[in-house]
Amino acid sequence: MPAAKRPASPVAPPLSAKGSASAGKSGRSVRFAVVGDLHVTRDCAGMLRGFFAQATESADALLLCGDLTDYGTAEEAKVLADELGAVSVPVVAVLGNHDFESGMPQTVSEILAGAGVRVLDGEPCEIQGVGIAGTKGFPGGFGRGSLGAWGEPAIKAFVQEALNEAMKLESALAKLRMRRRIVLLHYSPIAGTVEGEPVDIFPFLGSSRLEEPLLRYPVDAVFHGHAHRGALEGRTINGVPVFNVAKPLLQRSRPDQPPFRLFELPRESLQEEAGTPESDGYPPAR
Ligand SMILES: [Fe+2]
Ligand SMILES: [Fe+2]
């Protein structure tokens, strides 16, 4: 059965949960169910509907942090699209490295978009007054261990890709006009939430270059996946909470809780949602 279409839009107009008034399920707050690294295979057919129903039962939206599929095939994407038929709230996602493995990330995105999923690749969107900026991100290391653009062209191209992803994130954040903002990534912007993984592979789990836009634009929370054996929570240099929502990590770290994170933000009034346009792309004061 084809998955049901859900409302999806760019920044305006705001998304509302299907079957609920603009007040949403949570009254004075907007609640998100967030998880990454589903790694859907063709064998998952019929297996995820219960999980998605549970994740979105009391949430206004479902946010997915990449590695949606295991090998990035059209077949896997179709399985996920069908399983998402159980979800009656807006779904916003970014892709992960696994979604690129078969060389058809655009096909994966299109199949999911056909099921009503808003797949972000450097664009913003809005759900009930909360702005969401999303992009996949890229590896490269953290802090003083970051790979520098020096030497061979291949090294420079690698670093440039991380910079491109950071610029996508910055561009999406610059377009958001609302006070409440969430960032979706697949790769981590900080070392704190990859702690627990072997130190040798830290540089492959994220990049500090993704943290730079988070220091200039007000953000309420950042979510990422990819580091299956990382840490649940960390903070950017300026104190923004960062949550690793990789499903394997959530399952292992909190076996008594469902493998997704619920995150709540106060619902802003419509007047506050509109906000004051930022001048010439400069970050707004909060
Ligand atoms: Fe993963
Ligand atoms: Fe990954």
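Helix H3 (residues 105-114) lies across strands E3 and E4, running at about 150° to E4. Helices (H or I, at least four residues) and strands (E, at least two) are DSSP runs, numbered from the N terminus. The angle is taken between N-to-C directions on a scale from 0 to 180 degrees, using axes fitted to C-alpha atoms, for helices over the stretch in contact.

Before going on, a word on the model and its labels. This is a predicted model, in which local features need pLDDT of at least 70 and side-chain atom pairs count only at pLDDT 80 or more, while totals for chains, interfaces and linings use all residues. Residues are numbered from 1 along each chain as its sequence is written, and chains are lettered from A and ligands numbered from 1 in the order in which they are written.

**The whole protein**

Seven helices and 11 strands make up the secondary structure. Of the 286 residues, 51% are buried; a residue is buried if 20 or more other C-beta atoms lie within 10 Å of its own, exposed if 12 or fewer, and partly exposed in between, with C-beta atoms placed from the backbone. Now look at contacts, meaning pairs of residues whose C-beta atoms, placed from the backbone, lie within 7 Å. Among contacts between residues at least 6 apart in sequence, 77% join residues at least 24 apart.

**The sheet**

In which order do the strands of the five-stranded open sheet lie? The order is E4-E3-E2-E1-E11, with mixed pairing. Its edge strands are E4 (117-119) and E11, each pairing on one side only. From one strand to the next, the twist averages 25°. Two strands count as paired if DSSP finds at least two bridges between them.

| Strands | Sense | Bridges |
|---|---|---|
| E1 (residues 29-35) and E11 (residues 261-266) | antiparallel | six bridges |
| E1 and E2 (residues 61-65) | parallel | four bridges |
| E3 (residues 91-94) and E4 | parallel | three bridges |

You can find individual partners too: arginine 31 bridges to glutamate 264 in E11, and valine 91 bridges to valine 117 in E4. Likewise, alanine 33 has leucine 62 in E2 as its bridge partner. The chain passes from E1 through helix H1 (residues 49-56) to E2 in a right-handed β-α-β crossover. Right-handed here means that, with the strands pointing away from the viewer, the path from the first strand over the helix to the second runs clockwise.

Which residues of H1 are buried? They are Phe52, Ala55 and Thr56. These residues lie on the same side of H1 because they cover an arc of only 85° around the axis, the arc being that of the directions from the helix axis to the C-beta atoms. The buried residues of H1 pack against E1, E2 and helix H2 (74-83). On the other side of H1, Gly50 and Ala53 are exposed.

E1 is mostly covered, with six of its seven residues buried. A nonpolar core is a set of buried Ala, Val, Leu, Ile, Met, Phe, Trp, Tyr and Cys residues joined through C-beta atoms within 7 Å. The largest one has 77 residues, and those touching the most other members include Val34, Leu62 and Leu112. Helix H4 (residues 153-175) gives the most to this core, with six residues.

**A loop residue**

Finally, visit leucine 232, in the loop between strand E8 (221-224) and strand E9 (233-235). Leucine 232 counts as partly exposed because 16 other C-beta atoms lie within 10 Å.

Conventions: Two residues are in contact if their C-beta atoms, placed from the backbone, lie within 7 Å.
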